[in-house]
Amino acid sequence: MSQLYFEDIEEGLSREAGAYEVTREEIIEFGERFDPQPYHVDEEVANELFGGLIASALHTVSICQRIVADTLFRDAVTKMGAGFEAIQCTAPVYAGDTLSVRMEVLEKRSLESYPDRGLVRIQYTGLNQDGEEVLSTVALPFFERRQAGEA
């Protein structure tokens, strides 16, 4: 695939990708390093509260971002981003779950203040192996333009 620029992105574009298996070890490791809540690091507590270890919301976002970077926009020419409008974890992610991401381009717009890039609003939905939504977010990446000011 050739490089993907702002001009190549179409509103309504929809894709799905990924098959990332979440392991018990990485849930605990991530939890211990970045989000040491008991249900991320202690199997006994997690079993009581959730029926098993669950991934941190930050871990789930990170996994989905990796899927997006490696597959959906692997060849995108991005220039940072404006962040996220919202991030919602809608269901727990358990050890053994396999995650994928569905994305849809909601909107794109040129930026007078940055003629070398355009802003794209993208809805990302993280799904488990049963097709159940586990994450919903709207990201705001900047995509490089082929030529400044080009429509």
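## Helix 1 and its neighbours

The buried residues of helix 1 pack against strand 1 (14–21), helix 2 (38–41) and helix 4 (57–72). This description rests on a predicted model, and within that model helix 1 covers residues 24–34, where Glu26, Ile27, Ile28, Phe30 and Gly31 are the buried positions.

## Thr60 in helix 4

Helix 4, one of the elements against which the buried residues of helix 1 pack, contains Thr60. Thr60 counts as buried because its relative accessibility is 2%, and buried means under 20% relative accessible area.

Leaving aside residues up to four places away in sequence, Thr60 touches Ala55, Val93, Val134 and Leu135. A separation of 14 Å lies between the C-alpha atoms of Thr60 and Glu25, which are 35 residues apart along the chain.

## The cysteines Cys64 and Cys89

How many disulfides does a search of the whole structure find? The search finds 0 disulfides. Cys64 is in no disulfide, and the nearest cysteine sulfur, which belongs to Cys89, is 8.4 Å away. Cys89 is likewise in no disulfide, with the sulfur of Cys64 as its nearest cysteine sulfur at 8.4 Å. A pair of cysteine sulfur atoms would have to lie within 2.5 Å to count as a disulfide.

Are Cys64 and Cys89 buried, partly exposed or exposed? Cys64 has a relative accessible area of 5% and is therefore buried, whereas Cys89, at 38% relative accessibility, counts as partly exposed.

Conventions. Residues numbered from 1 in each chain as written. Predicted model: local features only at pLDDT ≥ 70, side-chain atom pairs only at ≥ 80, totals over all residues. Heavy atoms only, no water. Buried < 20%, exposed > 50% of the residue type's maximum accessible area, 1.4 Å probe, protein only. Helix = DSSP H or I, 4+ residues; strand = E, 2+ residues; numbered from the N terminus. Contact = heavy atoms within 4.5 Å.
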